[in-house]
Amino acid sequence: MKSILGIMGSPRKNGNTHILVDNILKGAQEEGVKADVLFLTDLKIKECDGCHRCWKGEECPKDDDMVGLYPRIIKSDLFVFGTPVYWYGPTGLMKLFIDRLVYFNCPPNRAKIRGKRAVIAVPFEDENIETASLLIQTFKKCLEYLEMSLIGKIIVPGLTEKGEIAEKEKYMQEAYELGKSIALKK
Ligand SMILES: Cc1cc2nc3c(=O)[nH]c(=O)nc-3n(C[C@H](O)[C@H](O)[C@H](O)COP(=O)(O)O)c2cc1C
C-alpha cells in the first residue's frame, strides 16, 4: 500500500469517528505508509444535481472543494471512510461526498478509481449492532458499483458522548491493528 486517505464524515472534531479514523491512520503510518485525513466539515461540497456532464467525460461544473479533491482521490490507493450512523445511514456530509463520486461513472474516469480499496469506521449510539447494517450495505454496494472493494471495517455500538471511544481499549486497539494490516496489503 502506498497512500491512504481518511475521509472524516462526522461534523464533530475529536469525536468518536475522528478518534477511530486517527487510530487506523496511526497504525498505517507506523508501517511507513503515507496517510492523510480530510475533514468534510471543513470543505465546501455541494450536492450533485445530476447534470450528467461528468458522465460524458466533461469536468464537473460545480465551483467547490470536491473538484479539487478528485486528483487527490485518484492518487490514493485506499480510503478510510469514517461516519457515525445518522438515522441508519451516513451523515449528510458523507452522503454529499459519496454522491459526487458519480464523477467516476463514465468509462475514462472509472479506470482512475477501479480496483482501489476501502475500509469503514462507524460508531453509533444503539447497543444493537444491526443498527449499522444498512450503512454497511450502502458502502459495500456503492464501492462494488465503482469496482472498488470494502476490505475491512470497524463497527462500534454504544457510543453517545463525544470522544468516549478513547476509553474503549479493545476498539482503539482494533482500529490501530486494522491500520497496520491495511498498510501491509500489496
Ligand atoms: C442527527 C443524528 C442522528 C443519529 N442517528 C443515530 C441512529 O440512527 N442510530 C444510532 O445508534 N445513533 C445515532 N446517532 C448517534 C451517533 O451515531 C453517535 O452519537 C456517534 O457516537 C457520534 O459519533 P461522532 O462522535 O463521531 O460524531 C445520531 C446522532 C445524530 C446527531
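An oxygen atom of the ligand sits 2.8 Å from a polar backbone atom of aspartate 126. That is a polar contact, meaning a pair of N or O atoms within 3.5 Å; within protein, one must be able to donate a hydrogen and the other to accept it, and residues adjacent in sequence count only if both atoms are side-chain atoms. How much of the ligand's own 650 Å² of accessible area does the protein cover? The protein covers 79% of that area. Accessible areas come from the Shrake-Rupley method with a 1.4 Å probe; for residues, only the protein chains shown count as cover.

Before I go on, a word on the model. It is predicted: local features need pLDDT of at least 70, side-chain atom pairs count only at pLDDT 80 or more, and totals for chains, interfaces and linings use all residues. Residues are numbered from 1 along each chain as its sequence is written, and side-chain values use heavy atoms, with hydrogens and water left out.

Back to the ligand. It is surrounded by 17 residues, and the closest are Ser10, Asn16, Thr17, Val85 and Asp126. To count as near, a residue needs a heavy atom within 4 Å.

Next, salt bridges. Side chains of opposite charge can pair when their charged atoms come close. Here a salt bridge is a side-chain nitrogen of Lys or Arg within 4 Å of a carboxyl oxygen of Asp or Glu. The structure holds 10 of them. Take aspartate 42 and lysine 13, which meet at 2.7 Å, N to O. Aspartate 42 is in the loop between strand 2 and helix 2, and lysine 13 is in the loop between strand 1 (3–8) and helix 1 (16–30), so the pair ties together parts 29 residues apart in sequence. Helices (H or I, at least four residues) and strands (E, at least two) are DSSP runs, numbered from the N terminus.

Other pairs sit within one helix. Aspartate 99 and lysine 95 form a salt bridge at 2.7 Å, N to O. They are four residues apart in helix 3, about one helical turn. In helix 5, glutamate 144 and lysine 140 are also four residues apart, about one turn. Their closest N and O atoms are 3.3 Å apart. There is a network too: salt bridges link Lys34, Asp36 and Arg72.

Now look at lysine 116. Where is lysine 116? It lies in the loop between helix 4 (107–110) and strand 4 (117–123). Lysine 116 is buried yet has no salt bridge. Buried means under 20% relative accessible area, exposed over 50%, partly exposed in between (1.4 Å probe, protein chains only). The nearest side chain of opposite charge, aspartate 77, is 5.0 Å away. For charge, Lys and Arg count as positive and Asp and Glu as negative; His and the chain ends are not counted. What does the side chain of lysine 116 reach? It reaches the backbone oxygen of serine 76, at 2.6 Å.

Last, two backbone angles. Histidine 52 is not a glycine, yet has a positive phi of about 70 degrees. Histidine 52 is in the loop between strand 2 (34–39) and helix 2 (65–75). Glutamate 147 is not a glycine either, and its positive phi is about 65 degrees. Glutamate 147 sits in the loop between helix 5 (133–145) and strand 5 (149–156).
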